[in-house]
Amino acid sequence: MRKMRLGMHSYTLHLWGLGQNWGIHAAPYPKSIDLMKLMDMAEEWGLDGLHITGADLETKDDIRLAEVAAAAKAHGLYLEYNCSLNEEFDQRLNESFESAVTVASKIGAELVKFSLDIRRERPLYGSCFQPAVMKQLADIHDQIKRAIPTIEKYGIPIAIENHTETYADEILWLVDSVNHPLVQVCVDTVNSFGVLEGPEIAVEKLASRAICNHFCDHKLSRDQYGARFHGVAIGDGDIDVQRVIDLIRRVSPTDKITFEIEWDMENDSIEDAKAKQMDACIRSIRYLRDVLNVGREEELVDLYH
């Protein structure tokens, strides 16, 4: 079995002020855990790395970026830098390709992950390669091409994600059109629900090109009003995570599994939701280690104490 490093997307604890403010037009959740504290926790939990955002960096001046790079090295953690082109809910994530790889170089990140923030027309179903989408993808293609000298200067690869508004085939079209070894794919194991594409189909299409992943699980609920997907701890949902990780191990060029929980707080109070989110984070680490055999080989400390 191929050894895989275990990392965590900071969005997993977004209710604690980490990651980003996604999906709601409101002020960010108060930061009760900052990036330095998260690094302490990641080392204690035996994680290999963190997938972080501009919201976690807080500022991007050289002193701060050097501090982050030194802290990651001291904790023995790899970093990945998560960016967006046009995030409507939290503009702290927005970067150009040039600025993102520059920041990534200063924090010692292994790669930069980009979501494209495509604006789709309805209907969503069967809308892959619709003209309005292709115009946006063509513009992004040109942006990446212009950034190639900067990407090559730092030698930091770009991973384009199948975010919640892109089909797998659209991501492949863009990466193939750019046709550069430092421009590849990030596969999210649940995001394709956003365009009504089966998640396993998306993973099968993208995994062999994916130098990065967001390893997630969702649970489906249905009632008389329709269907809804809930973010849950890894192993608690309806995604066949064993099958997905077997595929990634077999065909993906990456040696990392970066888990992410899109926690659904539903009607909980913020304090109850934060406690449940933290519990889901810890249970996910245990599941990834004990069931899916991801991460460091040494024994886990008691994560609840």
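This is a predicted model: local features need pLDDT of at least 70, side-chain atom pairs count only at pLDDT 80 or more; totals for chains, interfaces and linings use all residues.

Student: What do their side chains form?
Tutor: Arg-283 makes a salt bridge with Asp-279, and the closest N and O atoms are 2.8 Å apart.

Student: And how accessible are those two? Let's start with Arg-283.
Tutor: Arg-283 has a relative accessible area of 29%, so it counts as partly exposed. Asp-279 is partly exposed too, at 26%.

Student: While we're in that helix, is Lys-274 buried or exposed?
Tutor: Lys-274, which is also found in helix 9 (residues 270-290), is buried, because its relative accessible area is 9% and buried means under 20%.

Student: What does Lys-274 touch, if I skip residues up to four places away in sequence?
Tutor: Lys-274 touches Leu-15, Trp-16 and Ser-32.

Student: Back to salt bridges. How many are there?
Tutor: The count comes to 19 salt bridges.

Student: Okay, pick one for me. Which residue does Asp-62 pair with?
Tutor: Asp-62 forms a salt bridge with Lys-106, with 2.8 Å between the closest N and O atoms. Asp-62 lies in helix 3 (residues 62-75) and Lys-106 in helix 4 (residues 97-107), so this pair ties together parts that are 44 residues apart in sequence. Lys-106 is partly exposed, with a relative accessible area of 37%.

Student: Which residues are linked in a network of salt bridges?
Tutor: Arg-5, Glu-80, Glu-110, Asp-255 and Lys-256 are linked that way.

Student: Switching topic: which residues gather in a patch of negative charge on the surface?
Tutor: That patch brings together Asp-34, Asp-40, Glu-43, Glu-44 and Glu-58.

Student: Let me zoom in on Glu-44. Where is its place?
Tutor: Glu-44 is in helix 1 (residues 35-45). At 42% relative accessibility, Glu-44 counts as partly exposed.

Student: Now a different spot. Where would I find Glu-152?
Tutor: Look in helix 5 (residues 131-154) for Glu-152. Glu-152 is partly exposed, with a relative accessible area of 46%. Leaving aside neighbours within four places in sequence, Glu-152 is in contact with His-180 and Leu-182.

Student: What separates the C-alpha atoms of Glu-152 and His-14?
Tutor: Those C-alpha atoms are separated by 33 Å, and the two residues are 138 residues apart along the chain.

Student: Last one: is Tyr-125 buried or exposed?
Tutor: Tyr-125 is exposed, with a relative accessible area of 64%. Its place is in the loop between strand 4 (112-115) and helix 5.

Student: And which residues is Tyr-125 in contact with, leaving aside neighbours within four places in sequence?
Tutor: Tyr-125 is in contact with Tyr-167 and Leu-196. As for Val-175, which is 50 residues from Tyr-125 along the chain, the two C-alpha atoms are separated by 23 Å.

Notes. Residues are numbered from 1 along each chain as its sequence is written. Side-chain values use heavy atoms; hydrogens and water are left out. Patches are made of residues with over 30% relative accessible area and no salt bridge: like charges are joined within 9 Å, nonpolar side chains (Val, Leu, Ile, Met, Phe, Trp, Tyr) within 5 Å. Accessible areas come from the Shrake-Rupley method with a 1.4 Å probe; for residues, only the protein chains shown count as cover. A salt bridge is a side-chain nitrogen of Lys or Arg within 4 Å of a carboxyl oxygen of Asp or Glu. Lys and Arg count as positive and Asp and Glu as negative; His and the chain ends are not counted. The place of a charge is taken as NZ of Lys, CZ of Arg, CG of Asp or CD of Glu. Helices (H or I, at least four residues) and strands (E, at least two) are DSSP runs, numbered from the N terminus. Buried means under 20% relative accessible area, exposed over 50%, partly exposed in between (1.4 Å probe, protein chains only). Contact means heavy atoms within 4.5 Å.
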